[in-house]
Amino acid sequence: IDEEEEEIVEILLDNGANINQGIEKKINNLMEDQVIRHQSWSPLMEAVTTGNLHLVTLLVNRGADPRHSTEKGMSVLDVAKEAGHEDIIQYLKSVLK
């Protein structure tokens, strides 16, 4: 996500976008050759996958729930660990204390 896209996120938030609304996320599971649908994937989870700490921080500061989890029990922290973004993992651990 670049600076222009971050501006778009800020504009959406300034105009009342629901920061914790679940979105549908399709994840290709190559091991099982199937598509997994996460109905409760949050915008914060999507931001975590990008590795953009600034965007993750922006969303949390604007009210995104770092304790959110999907219907399958995957947490925001789990997403960060799976994506391997160590700076985001450490940030989330600090806000989850």
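**Close-up views of a predicted model**

**View 1. L59 sits in helix α3.** The model shown here is predicted. With a relative accessibility of 5%, L59 counts as buried. The cut-off for that class is under 20% relative accessible area. Which residues does L59 touch, leaving aside those up to four places away in sequence? They are V9, L13, I19, P43, L44, A47 and A64. P43 is 16 residues from L59 along the chain. The C-alpha atoms of L59 and P43 are separated by 8.3 Å.

**View 2. Helix α1 runs roughly parallel to α3.** Helix α1 covers residues 3-14. Its axis and that of α3 come within 11 Å. The two axes cross at roughly 5°. Angles under 35 degrees count as roughly parallel, so α1 and α3 fall into that class. From α1, the contact draws on E6, V9, E10 and L13. From α3, it draws on H54, L55, L58 and L59. By class, this contact has 5 nonpolar, 1 polar and 2 charged residues.

**View 3. N52 lies in the loop between α2 and α3.** Helix α2 spans 43-50, and α3 spans 53-61. Is N52 buried or exposed? Its relative accessible area is 12%, so N52 is buried. The side chain of N52 makes a polar contact with the side chain of E6. That contact is 2.8 Å. E6 is also one of the α1 residues that meet α3.

**View 4. H85 occupies the loop between α4 and α5.** Helix α4 covers 76-83. Beyond residues up to four places away in sequence, H85 touches V48, T49, T50, G51 and A80. How many residues apart along the chain are H85 and N52? They are 33 residues apart. Their C-alpha atoms are separated by 8.9 Å.

**View 5. L92 belongs to helix α5.** This helix is made up of residues 86-95. The relative accessible area of L92 is 0%, so L92 is buried. Not counting residues up to four places away in sequence, L92 touches V48, P66, V76, L77 and A80. V48 and A80 are also among the residues that H85 touches. V56 is 36 residues from L92 in sequence. In space, L92 and V56 are 9.0 Å apart, C-alpha to C-alpha.

**View 6. K72 is found in the loop between α3 and α4.** Is K72 buried or exposed? Its relative accessible area is 63%, and the cut-off for exposed is over 50%, so K72 is exposed. S40 lies 32 residues from K72 along the chain. The C-alpha atoms of K72 and S40 are separated by 8.9 Å.

**View 7. The whole chain gives the setting, with 5 helices and 2 strands.** Along the sequence, the pattern reads α-β-β-α-α-α-α. The chain has 97 residues, and 34% of them count as buried. L59, N52 and L92 are in the buried class. Among contacts between residues at least 6 apart in sequence, 52% join residues at least 24 apart. The accessible surface comes to about 6,100 Å². Carbon and sulfur atoms account for 48% of that surface.

Key. Residues are numbered from 1 along each chain as its sequence is written. This is a predicted model: local features need pLDDT of at least 70, side-chain atom pairs count only at pLDDT 80 or more; totals for chains, interfaces and linings use all residues. Side-chain values use heavy atoms; hydrogens and water are left out. Helices (H or I, at least four residues) and strands (E, at least two) are DSSP runs, numbered from the N terminus. Buried means under 20% relative accessible area, exposed over 50%, partly exposed in between (1.4 Å probe, protein chains only). A polar contact is a pair of N or O atoms within 3.5 Å; within protein, one must be able to donate a hydrogen and the other to accept it, and residues adjacent in sequence count only if both atoms are side-chain atoms. Contact means heavy atoms within 4.5 Å. Accessible areas come from the Shrake-Rupley method with a 1.4 Å probe; for residues, only the protein chains shown count as cover. Axes are lines fitted to C-alpha atoms, for helices over the stretch in contact, and angles run from 0 to 180 degrees between N-to-C directions. Angles under 35 degrees count as roughly parallel, over 145 as roughly antiparallel, 65 to 115 as roughly perpendicular and the rest as oblique. Ala, Val, Leu, Ile, Met, Phe, Trp, Tyr, Cys and Pro count as nonpolar, Asp, Glu, Lys and Arg as charged, and the others, Gly among them, as polar.
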